[in-house]
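This note is written for a colleague who is meeting the structure for the first time. Please read the points below alongside the sequence and the model.

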Amino acid sequence: MPIYLWAVTFRDRLIGTLQVLRPVLEEPGVLIVGSEVPNLLEPDAASTLVVSQDVDIGVPVERVAAVKARLRAITGLAPSAEEPSVYVPASPDLIEVNFLGLDSRIREPGETYVFEDAELPLMVFGPLGLLRPGRIVNVAGLRVPLPRTADLMVEKLLTDRTGEKGARDLLVVAGLLAGASPEDIDEFLRVARGLSAESRHAVSSSLTVLSLMEGRHGMPDPTSARAQVRRLLSALGGHHE
Amino acid sequence: MNEAVLERMRARARAVRTRAAVQRWHYRQRHLAAGVWFRLRRVLADASAAYAISEHDARQLIAEAYQPEACGREVSPEKLMLFVDEPRLAKLRQRRPIPVGLGPEFFAARAIALIAFDDGERR
């Protein structure tokens, strides 16, 4: 299938899934947190980046009870028997939904834990605690809450990822950088400087990896972000931090 | 809730915490031998372009007070890596552009001239 047609189809499925999730997205603090964010930030949520066919929904751990109540009202998605934090679609017109916990009290990868709940257990990855509500984009009449761009960039750089998924996540940062405002960059530096020394080093290390990456089809070009990455590294500290 | 499901999630969380411990190990290594890969990447991130040059020319540049990057001498075999301004680079007879990165051409080169980004703070 040509990429353009694939993208239209995927966009329709992504937006269709978000429409189904509308009651959940209306819960305060709930955010789209995964690699779909750059797709949703494209003009008219064009969704041209090649990503996995699911959407990550961040749920503040203090809002889990309210989200569960809203989930009971939706149709077309049901929890996976193997992984109840993943809701699988009943029809091919929708995509999987992966629920994750957001805990603003933590931010380090080593603080990752399981929010144990009989109905909606959640993985609570430490760096997701950095994500604060940011822009709300209007997609096909739906209000879609996204995290602050700076927070998402730091989270993607801080989270230890390996293999192809890790590479793609870094390229997502390249895409976010391309659309970042000067205020986003200032905020990125403030957030990164507020991390522990170990985490600041992890962010810098990921930036150096991004700087030397080659491009991949259907993903933002990392080479065009090199000068910006170099400025971020310089602002974050000495060469041997 | 199926206890097996929860245990799988707990195991995943433990795996993430283990990787975090490895990340902290990398941090502690940042000034030690194993940290050289970060230091190499950090230097290369400052470079907009890289050229393989002759060791003879590299030593001549050092004699002219161009500073070799310490991390080049922290890999084996050692490399002479130094930032050079473009007018000086243009005077070198042997210079071959190579990709900026830790790829085969970088590792094959014994001496490498780097060009800093325009806004670079290097010489």
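This is a predicted model: local features need pLDDT of at least 70, side-chain atom pairs count only at pLDDT 80 or more; totals for chains, interfaces and linings use all residues.

1. Residues are numbered from 1 along each chain as its sequence is written, and chains are lettered from A and ligands numbered from 1 in the order in which they are written.

2. Chain B brings 31 residues to the contact and chain A brings 30; residues are in contact if their C-beta atoms, placed from the backbone, lie within 7 Å. On the chain B side, α1 (3–28) and α2 (36–45) each supply at least two residues, and α1(B) gives the most, with 14 residues. Helices are DSSP runs (H or I, at least four residues) and strands likewise (E, at least two), numbered from the N terminus. By class, this side of chain B has 16 nonpolar, three polar and twelve charged residues. Here Ala, Val, Leu, Ile, Met, Phe, Trp, Tyr, Cys and Pro count as nonpolar, Asp, Glu, Lys and Arg as charged, and the others, Gly among them, as polar.

3. The buried residues of α1(B) are Val16(B), Ala20(B) and Gln23(B). A residue is buried if 20 or more other C-beta atoms lie within 10 Å of its own, exposed if 12 or fewer, and partly exposed in between. Their cover includes α8 (197–211) of chain A.

4. The axes (lines fitted to C-alpha atoms, for helices over the stretch in contact) of α8(A) and α1(B) come within 9 Å and cross at roughly 85 degrees. That makes α8(A) roughly perpendicular (65 to 115 degrees) to α1(B). Ala197(A), Glu198(A), His201(A) and Ala202(A) of α8(A) meet Gln23(B), Arg24(B) and Tyr27(B) of α1(B).

5. The largest nonpolar core has 91 residues, and those touching the most other members include Ile32(A), Val173(A) and Leu114(B). Such a core is a set of buried Ala, Val, Leu, Ile, Met, Phe, Trp, Tyr and Cys residues joined through C-beta atoms within 7 Å. Leaving aside neighbours within four places in sequence, Leu114(B) is in contact with Ala47(B), Ala50(B), Met81(B), Leu82(B) and Phe83(B).

6. Leu102(B) lies in the loop between β3 (95–98) and α5 (104–108) of chain B. Leu102(B) counts as partly exposed because it has 14 C-beta neighbours inside 10 Å. Apart from neighbours within four places in sequence, Leu102(B) is in contact with Leu212(A), Leu40(B) and Arg41(B).

Methods. Two residues are in contact if their C-beta atoms, placed from the backbone, lie within 7 Å. Axes are lines fitted to C-alpha atoms, for helices over the stretch in contact, and angles run from 0 to 180 degrees between N-to-C directions. Angles under 35 degrees count as roughly parallel, over 145 as roughly antiparallel, 65 to 115 as roughly perpendicular and the rest as oblique.
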